[in-house]
Amino acid sequence: MRNASYWRTGPQRMSLMGEVCPHCHAKLFPPRDVCPKCGAPAREAYQFSGRGTVYSFSTLYSAPLGWAEYAPYVVALVKLEEGPLVTAQLTDVAPTEVAIGMPVEMVTRKMRAEGESGLIQYGYKFRPLLQEAAAHP
Amino acid sequence: MRDVSIVGIGQIPVREHWARSLQVMGADAVRLALQDAGVERPGALYVGNMLSGQISGQENLGALVADHAGLRGIEALKVEAACASGAAALRVGYIAVASGLHDAVVVCGVEKMTDALVDETTAALVSAADAVYEGEQGVSFVALNALLMQRYMHEYGYTRDAFAGFAVNAHRNALHNPNAMFRRAVTAEAFHRSKMIASPVSLLDSSAIADGAAAVVLTPTELARAHGMRAVRIAASAAATDSVALHERDEPLALAAARQSALGAYAQAGCKPADIDFAELHDAFTIMTALSLEACGFAERGEGARLAMVDAITPAGRIPISTMGGLKARGHPVGATGLYQAVEATLQLRGEAGDNQIAGCRIGLVQNIGGSGANVITHILERVGH
């Protein structure tokens, strides 16, 4: 990932900061400034809770360049409780334990390192919703 | 708008062409198509290609392929729409002839995927998806299809074995296609045991990395008739888009752009799914075949996979698909695929498909899908009576 892109997309990748449309109130992630639902400008920041459920998932055995050392890993479409779907890796869970509908929560994690002297990238992953947090939201 | 026909076709075998460069492959297909059409110097060349910049460090393909094909001087440019680059170039050629700007154009699709290692090519293919919100999450292009397949199996109650028929049919049809990459049959049992790439997508759900080039020559149908050329009419050309990222769609399994472009094509051609004699669909992954069958109106939502289970997609079935092997077995050199589909459909409609001939076919549908459904182009081709 290019340094400027990494910096520019920081708030959304580190903490799921999205946008809310002031016209139709759709919650948008990733932020995109024009609401895809109603076409109106949508530049109001919105902090997503990070909670959602697994909509679909896949275990990658053959990974793209730069990701091979982490394979196998699980990627998922997570349905956020505010509505949007987000593509993300799952963490702290065995591939065999993942199921559609499973409650998950966002955590900030290391994504990958670009070699010995390159950027260490961080971003969002999702883990199974912790029981304690589920009991005391 | 003028009516447009395909009057010449050319293709090289889909292979790992280590000895042949991008421009040599493209030029070969262009020259074969021009020769087939009996056209010496077309007004323009449009080149469909997705990955040349990333894999070969080469852009400016229009001029490059034109020059290597002996056409230095003509208008030429590259057209890119991810895996639908081939059909996108075909549509640009169609627009150029239909509009009256050119009386003869050649459209070529070319892709050189084997100049890089597999993980590099895998990374390059992810550029069809959202770079930051899909690619930088570690997702491969295969995995995006896997996310669709997993959800499809969950919603409609299929196991992955239900998709075996798509691979079995494609490989069986490729047996008699000398230009196909995999001329060998596979069994449902082999499909069941196939190695996982991104679960539930296995090796035998997927099209392979390959090199290839194919081309067609287009002229106004009236001109083709006047010159007694073998013509196959482009009865419809329709394109539609969706969000690039899978997660930005309200209904990921609906493949809305495929639906929209198919409906646009039916409207333009004045026909309906039941009128289609065969279809070359975008079977890059078995799940895409199922979703494309549904989007084109050949099956209800959730019923696409069932067509593979009841032999409806075989050459003798209700809607034969992948008649020369499809992306699965003929091979999927991404930016060239749309042109291979058009060339194969033309062979069928000319009655020149040999052992793979769909008897008495008159109308074929060709659908090329870019990304996980972001850019979809559908053409309907029709036999022209003399």
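**View 1. Strand S11 of chain B within its surroundings.** In this predicted model, eight of the nine residues of strand S11 (residues 375-383) of chain B are buried, so the strand is largely enclosed by the rest of the structure.

**View 2. The pairing of S8(B) with S11(B).** Strand S8 (residues 232-241) of chain B runs antiparallel to S11(B), and the two are joined by nine bridges. Among the facing residues, B:Ile234 stands opposite B:Leu381 of S11(B), while B:Thr241 has B:Asn375 of S11(B) as its bridge partner.

**View 3. The hairpin of S10(B) and S11(B).** Strand S10 (residues 363-370) of chain B is also antiparallel to S11(B), with eight bridges between them, and B:Gly364 is placed opposite B:Leu381 of S11(B). Four residues lie between the two strands of this hairpin, in which B:Gly371 adopts a positive phi near 70°.

**View 4. The open sheet of chain B.** Nine strands form an open sheet with mixed pairing, in the order S3-S2-S4-S7-S1-S8-S11-S10-S9 (chain B). Strand S3 (75-79) and strand S9 (278-280) of chain B stand at its edges, and each has a single partner strand, so one side of each is left without a neighbour in the sheet. On average, and with direction ignored, neighbouring strands of this sheet are turned by 25° against each other.

**View 5. Helix H3 of chain B on the sheet.** Helix H3 (residues 61-68) of chain B packs on the sheet, where it touches strand S2 (44-48), S3 and strand S4 (105-111) of chain B. The direction of H3(B) makes about 125° with that of S3(B).

Note on methods: Residues are numbered from 1 along each chain as its sequence is written. Chains are lettered from A and ligands numbered from 1 in the order in which they are written. This is a predicted model: local features need pLDDT of at least 70, side-chain atom pairs count only at pLDDT 80 or more; totals for chains, interfaces and linings use all residues. A residue is buried if 20 or more other C-beta atoms lie within 10 Å of its own, exposed if 12 or fewer, and partly exposed in between; C-beta atoms are placed from the backbone. Two strands pair if DSSP finds at least two bridges between them. Axes are lines fitted to C-alpha atoms, for helices over the stretch in contact, and angles run from 0 to 180 degrees between N-to-C directions. Two residues are in contact if their C-beta atoms, placed from the backbone, lie within 7 Å.
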